[in-house]
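Dear colleague,

Please look through the notes with the model open beside you.

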Amino acid sequence: MSTTTTQTTDANVGSLNFCPLTGNQVKEVKIDERYKYARFLPAFDTSLHYPPLKPFDHIDPGFAALTDPTPRSFLDAGEVAEVTPDLGSEVSGVQLHRLNARERSQLALFVAQRGVVAFRDQEFVDQDPEWQLHDFGATFGRLHIHPTSAHPRDFPEFHLVYRDSTGTMNYETNERLTSSVWHSDVSYEVQPPGLTTLFLYDSPKTGGDTGYADQRAAYLHLSPSFRAYLETLSVVHSGVEQAEISRKGLRGGVVRREPVSTVHPLVRTHPVTGEKALFVNPHFCRKIVGLKTEESDAILNLLYNHIAQSADIQARLKWKPKTVVMWDNRVVAHTAIVDFARGGGRRHGARITPQAERPFIKP
């Protein structure tokens with residue numbers, strides 16, 4: 001059996017060089033390459049440095065399905081179950097890696113409409129990672145490389161999620177009563193993600209579900225006059241604080257691209273469906289432009305609590321082996337549910353994060 005060394009956290013697979021929860025050093029052990037997905041374990045390459053992202057024209061593939069006479073025909077051979085009436089579906093009997101261009105457009109529209117979709121019993125995880133990224137993932141937008149998170153050594157376009165009983169590669173901390181943080185991924189980018197894909201290489205026997213919140217429904221639950229006012233507002237989204245965590249030597253200590261702060265509308269319009277949604281999250285939003293601090297805090301905290309506490313706009317998806325989950329970051333917030341770490345389970349997965357258009361609000 002051959003071994004190599006990398007940064008991960010399972011005593012049988014690898015080790016962390018630090019514990020992101022405490023900053024403490026954790027002893028280094030060897031990787032057991034019998035782990036099928038050892039090549040996709042977290043790594044932090046300090047030699048990688050990227051220039052600022054440049055704007056690009058994004059054409060959502062879901063537009064093509066709007067004129068398709070049978071826009072859900074890609075589901076004809078499968079079974080579809082709704083998680084809730086308005087948010088979330090589970091699909092079985094449809095293999096994502098076999099979809100053609102027309103069917104991928106249908107997929108994009110379906111996910112935009114349902115918000116989040118779990119595809120069960122997929123052969124996706126064992127497909128060529130180059131195909132996963134540059135064929136399938138790139139269908140839905142320009143692939144994003146995260147400025148600070150872990151990725152496999154040869155595939156920087158994968159954003160890895162990793163946690164086990166000894167630590168995490170993510171941003172959960174033990175400084176709060178809950179590790180749950182409702183958010184939209186990297187919303188500080190000028191062109192944040194749209195249709196996003198997450199699959200797991202390894203998962204605990206139970207626990208580690210993901211919660212999703214419908215920001216369209218969150219918007220519609222507000223009074224018409226308050227909605228009208230919110231549509232006039234813009235919010236500063238910042239990646240600076242995330243980068244500072246890494247600059248302190250935590251979570252790998254890598255900043256591959258200088259952080260940015262961007263102003264986005266507080267309410268955004270989905271380009272394909274035309275639906276309006278709140279676009280705020282406590283992970284990256286800092287202040288409403290033009291309001292005094294107390295005014296901004298009052299509105300943002302009201303909206304954060306509304307999203308987090310409204311069980312009637314949420315769905316909880318349970319992970320099973322060979323599941324692939326796709327969601328639309330433009331209209332859905334999500335949170336990891338870290339309820340498994342003390343039991344010794346490991347959650348190891350990869351996110352494919354295509355960027356979409358710059359957020360806009362259509363009256």
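**Strand β7 and its partners**

Strand β7 is joined by five bridges to strand β17 (residues 347–352), and the two run antiparallel; strands count as paired if DSSP finds at least two bridges between them, and helices (H or I, at least four residues) and strands (E, at least two) are DSSP runs numbered from the N terminus. This is a predicted model, in which local features need pLDDT of at least 70 and side-chain atom pairs count only at pLDDT 80 or more, while totals for chains, interfaces and linings use all residues. Residues are numbered from 1 along each chain as its sequence is written, and side-chain values use heavy atoms, with hydrogens and water left out.

With strand β15 (residues 324–328), β7 also pairs in the antiparallel sense, over five bridges. Leu 198 stands opposite Val 325 in β15 and opposite Arg 351 in β17. Of the eight residues of β7 (195–202), seven are buried, where buried means under 20% relative accessible area with a 1.4 Å probe and protein chains only.

**Helix α3**

In helix α3 (residues 129–136), the buried residues are Pro 129, Trp 131, Gln 132, Leu 133 and Phe 136. These buried residues pack against β7, β15 and β17, among other elements that include α2 (101–114) and β5 (158–164), a contact being heavy atoms within 4.5 Å. At the start of α3, a side-chain oxygen of Asp 128 comes to within 2.9 Å of the backbone nitrogen of Glu 130.

**Pocket and cavity**

The largest pocket has a volume of about 380 Å³; on a 1 Å grid over the protein atoms alone, a pocket is an open set of points with protein on both sides within 12 Å along at least five of seven lines, whereas a cavity is a set where a 1.4 Å probe fits but cannot get out, and lining residues have an atom within 4 Å of a point. Volume here is the space filled by probe spheres set on the points, which are joined across faces, edges and corners. The pocket is lined by 23 residues, and Arg 176, Ser 180, Val 181, Trp 182 and Ala 308 lie nearest its centre. Helix α7 gives the most to this lining, with five residues.

The structure holds two cavities of 30 Å³ or more. The second largest cavity has about 40 Å³ of space, and its lining includes His 144, His 146, Glu 157 and Arg 256.

With best regards

Methods. Buried means under 20% relative accessible area, exposed over 50%, partly exposed in between (1.4 Å probe, protein chains only). A polar contact is a pair of N or O atoms within 3.5 Å; within protein, one must be able to donate a hydrogen and the other to accept it, and residues adjacent in sequence count only if both atoms are side-chain atoms.
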